[in-house]
Structures are given as structure tokens and as C-alpha cells.
Amino acid sequence: MKTVLHEQGSKRIVEIIADGVVINNAQDALDLLYNLPSPEDRQIIFHKANITPAFFDLKTGIAGEILQKFVNYKIRFAVVGDFQNIKSEALRAFVIESNRGRQAFFVEDLETAKQKLFAI
């Protein structure tokens, strides 16, 4: 796993890049936070492929647990991946609602993720 730092003025976003799944549960997400380049880093970009598929099955509760941890630690994040053909109505609603807020974004590409997070 490696991190890439994106900067715009005084704002910083850390992008997590890894081969395979690195977040299986809320503890994995917290471990990632503790290993960020700087304790001040509060905006993160993840790639969908690096998050357990169970996150996207809302019945598992993993998404809720991770989001609650990020809210508690004031972490804003974006997940980059294909979210166009979501079959689950609940997940589609979750993605749409998240994208309306300021905490979590589910977007198609890295540039959109950076735009959303830098705009905050």
C-alpha cells in the first residue's frame, strides 16, 4: 500500500493506493487513519477495489460502522469506482444521499473526487 498526496493551496488530500482489499472492517479503516502521512490529514480518497465488497452490502452494517468512525474523527472521504449500475435500491439511495452531503462521496474518477474534497 502507498499514499499519494494531492495539494491545492493549504488543502491536502491523501489518496490510498493498494493492490487488493485493505479495508475489511471499521478497525482496518481506523488503522489506515493512524498511518496517514500527517495527523492533520482529514480528507482521503479510496478506490472501490480496496474496500471489501461487504461494505457495499448495506445489510452487513460495515458501511455504517466505517462512516461513523470517520464522522467521529472528522474525516471526509471519496470512493472512486463504478457506481453507475448499482442493482441494490438501498445502496443506490445511500450513494445519492452521501453525494448530497459533505462527508462521503462515491464518484467515477479521481478528478471528481479531488474536486469534491477540495471544494469543502
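**Aromatic contacts in a predicted model**

**View 1. A cluster of phenylalanine rings.** F46, F55, F56, F70, F77, F83, F94 and F106 are joined into a cluster by ring pairs. Two rings of Phe, Tyr or Trp (its six-membered ring) pair if their centres lie within 6.5 Å. The structure holds nine aromatic pairs. The model is predicted, so local features need pLDDT of at least 70 and side-chain atom pairs count only at pLDDT 80 or more, while totals for chains, interfaces and linings use all residues. Residues are numbered from 1 along each chain as its sequence is written, and side-chain values use heavy atoms, with hydrogens and water left out.

**View 2. The pair of F46 and F70.** These two rings are stacked (planes under 30 degrees apart; over 60 is edge-to-face and the rest tilted), with 6.0 Å centre to centre and 5° between the planes. Because F46 lies in strand β3 (residues 43-47) and F70 in helix α2 (residues 62-72), the pair ties together parts that are 24 residues apart in sequence. Helices (H or I, at least four residues) and strands (E, at least two) are DSSP runs, numbered from the N terminus. Both F46 and F70 are buried, that is, under 20% relative accessible area with a 1.4 Å probe and protein chains only (exposed is over 50%, partly exposed in between).

**View 3. The pair of F94 and F106.** The ring centres of F94 and F106 are 5.6 Å apart and their planes stand at 55°, so the pair is tilted. F94 belongs to helix α3 (residues 89-100) and F106 to strand β5 (residues 104-107), so parts twelve residues apart in sequence are tied together. F106 is buried, at a relative accessible area of 4%.

**View 4. K48 and two rings.** The charged end of K48 sits over the ring of F56, 5.4 Å from its centre, and over the ring of F83, 4.8 Å from its centre. A charge sits over a ring if NZ of Lys or CZ of Arg is within 6 Å of the ring centre and within 35 degrees of the ring normal.
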